[in-house]
Structures are given as C-alpha cells and as structure tokens.
Amino acid sequence: MAERDAASGPTARVEGLSPAKRALLESLARRRTTGATGPPVAPTGGLVRLGGGAEDSGDPVVLVHPIGGGVFCYAELSRLVPGGREVLGLAADGLLRGAEPPSVAELADHYLGLLRDRGVDRPAVLGGWSFGGVVAYEMARRLAQDGDALPVVLVDSAPWPPEAGAWSRATTLEMFIEDLLGSGGVTVERVPVEATVWQLPVPDALATAARELTAQGYDLGLPLADMTDRYTVFTNATTAMQRHRPRPHSGPVTLLHATDSQADPRAWTDLTPDTTPTVVRVPGDHFSVLRPPAVHRVAEALGHAAGSPATPSTPLQHRRTR
C-alpha cells in the first residue's frame, strides 16, 4: 500500500505535470505559505492551459494576459466558458522581460507563433482583458489578413488615447501598484502611499510602497524580486500600448464594457468599418469585470463568439453602437 501511495500520490502527480504547470503550482504553494492575496503570475510565461474541455475538444478559447503579464485573472472565467472547449492563456514571457519593450505587433506575432507550436492554427475565439484585448485584437487582425475572420472579444479594453501621452516614471510606479491592488480585489481612487515614494529608485520605491501598504492592511503578497519582475513586464507592456495605433479589422468584434469604467467602447468603432462592434454592458468597474456577477456575462460572450449558445437562464444581451 505504501509503495502504491508513493507512486500515485501528490508528489508523483506533480512530477507528471508540464514545467509550466509545475511553475504555476509552486507559485500558488508559495503564496499559500506566505498568505499572499494578490494575483499570481506564471514565472516562465508562455502558453498555459487554464481549463475547460480536453485538448481534443475542438478549437480552444485563447485569452491574452493583461498589462501585468499574468493569466490567473482568468481563473474564474475559464471555468465558466460554455461549450466544453479548452481554454488557453498566453502569459508574458521573455519578450516582455527584455531591456527594450516589444511592439504590440511583435507580441501578436510571437503569441501566434506559440499557438502554432502548440498545434493551434486557429483558436475558436481570441480574447483579452484590458491590454490583453489590444494584443488579441492585433492577433485577430493579422489572421484576418490571411482571409481568416477570427472573432475577438475585448474585455473592458481600449487603445491608448494618442492625446494622453506617455506616463512619467512616478505615474508608472503608482499605476503599477494600483494595478496590483485592483487585481487583488482592492479598488482605490488613489494609492495610499506618500507621493515622495514614487521619486525613489524603482527597487526602493516598490519596497517602500509595499511596506507602507502592509502597515495599512494591504498585503500585495509578492516578494520584492517578483514585484520587480512584474514591474518590468508592466512598464514594457505600457510602453508597447502607448506606442501602438490599432489598424482597421474586418472580423467580428465583441466588447464587454464595464459600466463604471473609463474605457470608451467608441474607440474601436472606426477600426471596424465592415462589422460594427457588438457592445455588451456589464456591471462594475475595470477590475470587477472578471469577478461575479460580471464574469458570467464575459463567459457567455466568449462562448457566443466561439459558436456556443448563451446560457438560457441568462441570455446574452447586447447592442451595436456607432
């Protein structure tokens, strides 16, 4: 009995996982040990199987990471997508961890390459929250150039307004911490940290901000090394988004717009001359859109775009906009 338990117990099951899944499991274990509450990240990045049906359940639903680089924000969503399809996440990898930020176009080509390496030439639908929607849109647009009008679902996403300009380093630091808090379920109008903190060198600013927030009861749940790594991804993704100007796309676009969000759905209108975007209004703000009750509507929209019917008890309500 002891031998059988050793061969089929937790250790054996962990050893049978892929390197990416082992890395994610180790990240979760570390977070349970430290009592961390923020969203984990796939340390190695790349393509991650989030859930859904078996690998042979048809073309998968593919979700692109938001500006922070992780894909565990999609954990609840991936369980709710109807139709039994496999759900894959594209987490930030080395391309967003380099000294120079890639372009959104380079990210799109890179992620399409990762999908092809996995044997996915055509997902059932591409989706992404926030920055992830911008990248998913560019991926769908590039596929459409080859004659494949792939549906894309943008979850409270909008292109960077050209008139907004680039953030200063101080603003980037503050927005990074705000993103960590928001992704962990804490929405604040202003990060409760002294403004002088954002003028410190990056490692000192991150450490000081984390310390001040912990003293106020906000645990970011990340060691400084992980926070610094995430900051690199965040700044590179931010720069990529600021420089990117989306081009017209001929495929079907669905936009999930949070009613309390500043993301303007009209930003996509002029980019889709052949197919007016379908806008689905959901309750909540930019961060709560991936939590109940709004996440159920997001899951329905993904299933609908992928060809699965909406849940009868909660029919998909939408309208087209100009």
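Modeller: Ser130 is found in the loop between β4 and α6. Helices and strands here are DSSP runs (H or I for a helix, at least four residues; E for a strand, at least two), numbered from the N terminus. The model is predicted, so local features need pLDDT of at least 70 and side-chain atom pairs count only at pLDDT 80 or more, whereas totals for chains, interfaces and linings use all residues. Residues are numbered from 1 along each chain as its sequence is written, and side-chain values use heavy atoms, with hydrogens and water left out.

The backbone of Ser130 has a phi near 60°, a positive value in a residue other than glycine. Ser130 is also buried, at a relative accessible area of 16%; buried stands for under 20%, exposed for over 50%, and partly exposed for what lies in between, with a 1.4 Å probe and protein chains only. Asp156 sits in the loop between β5 (152-155) and α7, and at 2% relative accessibility Asp156 counts as buried.

Helix α6 itself covers residues 131-144, which is 14 residues. The distance from its first C-alpha to its last is 20 Å, close to the 20 Å expected at 1.5 Å a residue, the expected span being 1.5 Å times one less than the number of residues. As 14 of the 14 residues of α6 are buried, the helix is largely enclosed by the rest of the structure.

Charged side chains also occur in α6. Arg142 and Glu138 meet in a salt bridge, N to O 2.6 Å; the term requires a side-chain nitrogen of Lys or Arg within 4 Å of a carboxyl oxygen of Asp or Glu. Both residues lie in α6, four residues apart, about one turn of the helix. An α-helix has 3.6 residues a turn, so residues three or four places apart point the same way. Glu138 is buried, with a relative accessible area of 2%. Salt bridges that share partners join Asp109, Glu138, Arg141 and Arg142 into one network.

The whole structure holds nine salt bridges. Among them, Arg49 pairs with Glu86, the closest N and O atoms lying 2.8 Å apart. This pair links distant parts of the chain, with Arg49 in strand β1 (residues 46-52) and Glu86 in strand β3 (residues 86-91), 37 residues apart. Glu86 also forms a salt bridge with Arg118, at 2.7 Å between the closest N and O atoms. Here too distant parts of the chain are linked: Arg118 is in the loop between α5 (104-117) and β4 (125-129), and 32 residues separate Arg118 from Glu86 in strand β3. Glu86 is buried at 2% relative accessible area, while Arg49 is partly exposed at 27% and Arg118 is partly exposed at 31%.

The largest nonpolar core has 57 residues, of which Leu126, Met139, Ile177, Trp198 and Met227 touch the most other members. Helix α6 gives the most to this core, with eight residues. A nonpolar core is a set of buried Ala, Val, Leu, Ile, Met, Phe, Trp, Tyr and Cys residues joined through side-chain atoms within 4.5 Å. Leaving aside neighbours within four places in sequence, Ile177 is in contact (heavy atoms within 4.5 Å) with Val191, Trp198, Leu206, Ala209, Leu213, Leu220 and Met227.

Helix α7 (residues 169-183) contains Leu181, which counts as buried at 4% relative accessibility. Beyond neighbours within four places in sequence, the contacts of Leu181 are Val186, Val188, Val191, Leu213, Tyr218 and Leu220. The C-alpha atoms of Leu181 and Leu213 are 9.8 Å apart, although the two residues are 32 residues apart along the chain.

As for the chain as a whole, there are 10 helices and eight strands. Buried residues make up 52% of its 322 residues. Among contacts with a separation of 6 or more, 75% come from residues 24 or more positions apart.
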